[in-house]
Amino acid sequence: MKRKTRLKSKYIRRRIILFCLILLVVFGLWSLIRGIQANAAQNDGGANTFSDNSLEKSEYSDIVICIDPGHSIDDSGAVPPESFDIETDENKQNLLYGEAIRDILIKKGFKVVMTRDSKHEKAEDGSSVDLDDRARVSMESESDVFISLHFNYFDDEGIYGTIIYTQENSESDNSKREKLSEMISDRISFDIPQKVSKRTYKDDNAYYLTREGVTHGTSALIEIGFFSNFDECENIVSSKWRQKMATAISEGIIDFVDYYKFDI
């Protein structure tokens, strides 16, 4: 009788151990798959496609942010003066800042779409990404917020700071565009801190992508800084300063979304 009891107890222990091992294997496989998916979402949220944030559902999961890194591989944009001995250009920095903002917003749970990124620097047909391509990405994704990123250059090397442009349209309510500019400006001013100018324009031919009806949602164009100012140019190419600026812009976008309680 004792022998049978011992055998039964031994059998039960083996079953428990086997069950625990199966659970560990299943959990390990699930964690591995989740990690692979999360990494893919982080690294492959490319141009014209949504970043997959389904693994981290949040209150922002239904909000779409379109990030537009200005210029292209065939149009480098502004460059620092040769005397600065700083090798970079606007195209490169637009991508770096755009992808940094994208990564921050993804972690917050937003859906993010980019008009181009470092993996998709050209349109599908191999041509440069033009203004119509960028507008189409925003429209097709039905973005709630559209942010175009650029850098500045001026002959006077003493000029520095961030400039945020929004359209002033006499035929529509400009309050949301003004609020988006204000929220981003406040974050940059206080969190960096950095001098910021908020400017509106009425010319229908200026800043095409921020004109009402061209892109989807509330839009702004941000000239992050001046390549032509030596101190600011050094900041621009600094990864630490880039992360601070990307965080400030991202937090400004979040403040805007929160202010309107998602009715944007």
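User: Let's start with Ser250: buried or exposed, and what is the relative accessible area?

Analyst: Ser250 is buried, at 0% relative accessible area. Buried here means under 20%, exposed means over 50%, and partly exposed is what falls in between, using a 1.4 Å probe and protein chains only. One thing to keep in mind: this is a predicted model, so local features need pLDDT of at least 70 and side-chain atom pairs need 80 or more, while totals for chains, interfaces and linings use all residues. Residues are numbered from 1 along each chain as its sequence is written, and side-chain values use heavy atoms, with hydrogens and water left out.

User: Where is Ser250 found, and what is Ser250 in contact with beyond its neighbours within four places in sequence?

Analyst: Ser250 belongs to helix α6. Helices (H or I, at least four residues) and strands (E, at least two) are DSSP runs, numbered from the N terminus. Setting aside neighbours within four places in sequence, Ser250 is in contact with Ile101, Ile104 and Leu105, contact being heavy atoms within 4.5 Å.

User: What does helix α6 lie across?

Analyst: Helix α6 (residues 239-259) lies across β1, β3, β4 and β6, and runs at about 160° to β6. Axes are lines fitted to C-alpha atoms, for helices over the stretch in contact, and angles go from 0 to 180 degrees between N-to-C directions.

User: How many helices and strands does the chain have, and how much of the chain is buried?

Analyst: There are six helices and six strands. Reading from the N terminus, the elements go α-β-α-β-α-β-β-α-β-β-α-α. Of the chain's 264 residues, 45% count as buried. Among contacts with a separation of 6 or more, 79% come from residues 24 or more positions apart.

User: Now the sheet. In what order do the strands sit?

Analyst: Strands of a sheet pair through backbone hydrogen bonds, either parallel or antiparallel. Here six strands make an open sheet, ordered β2-β1-β3-β6-β4-β5, with mixed pairing. Two strands count as paired if DSSP finds at least two bridges between them. The edges are β2 (111-114) and β5 (196-201); each has a single partner strand, so one side of each lacks a neighbour in the sheet. From one strand to the next, the twist averages 25°.

User: Which partners does β1 pair with, and over how many bridges?

Analyst: β1 pairs with β2 in the parallel sense over four bridges, and Val64 stands opposite Lys111 in β2. β1 also pairs with β3, again parallel, over five bridges; there Ile65 stands opposite Val145 in β3. Further along the sheet, β4 (residues 162-167) runs parallel to β5 and is joined to β5 by six bridges, with Thr162 opposite Val196.

User: Which residues of β1 sit on each face?

Analyst: In a regular strand the side chains alternate between the two faces of the sheet. In β1, Val64, Cys66 and Asp68 are on one side, Ile65, Ile67 and Pro69 are on the other, and all are buried. Six of the six residues of β1 are buried, so the strand is largely enclosed by the rest of the structure.

User: How many aromatic pairs are there in the whole structure?

Analyst: A pair of aromatic rings is described by the distance of the centres and the angle of the planes. Six pairs turn up in the whole structure. Rings of Phe, Tyr and Trp (its six-membered ring) pair if their centres lie within 6.5 Å; planes under 30 degrees apart are stacked, over 60 edge-to-face, and the rest tilted. One of the pairs is Tyr60 with Phe110, stacked at 4.4 Å centre to centre with 15° between the planes. Tyr60 is in the loop between α1 and β1, and Phe110 is in the loop between α2 and β2, 50 residues apart. Tyr60 is buried at 8%, and Phe110 is buried at 0%.

User: Which kind of pair do Phe84 and Phe230 form?

Analyst: That pair is edge-to-face, 5.1 Å centre to centre with 80° between the planes. Phe84 is in the loop between β1 and α2 and Phe230 is in helix α5, so the pair ties together parts 146 residues apart in sequence. Phe84 is buried at 9%, whereas Phe230 is partly exposed at 33%. Ring pairs also link Tyr97, Phe151 and Phe227 into a cluster.

User: Which ring does the charged end of Lys195 sit over?

Analyst: The ring of Tyr160, 5.1 Å from its centre. A charge sits over a ring if NZ of Lys or CZ of Arg is within 6 Å of the ring centre and within 35 degrees of the ring normal. Lys176 likewise lies over the face of Tyr260, 5.3 Å from the ring centre.
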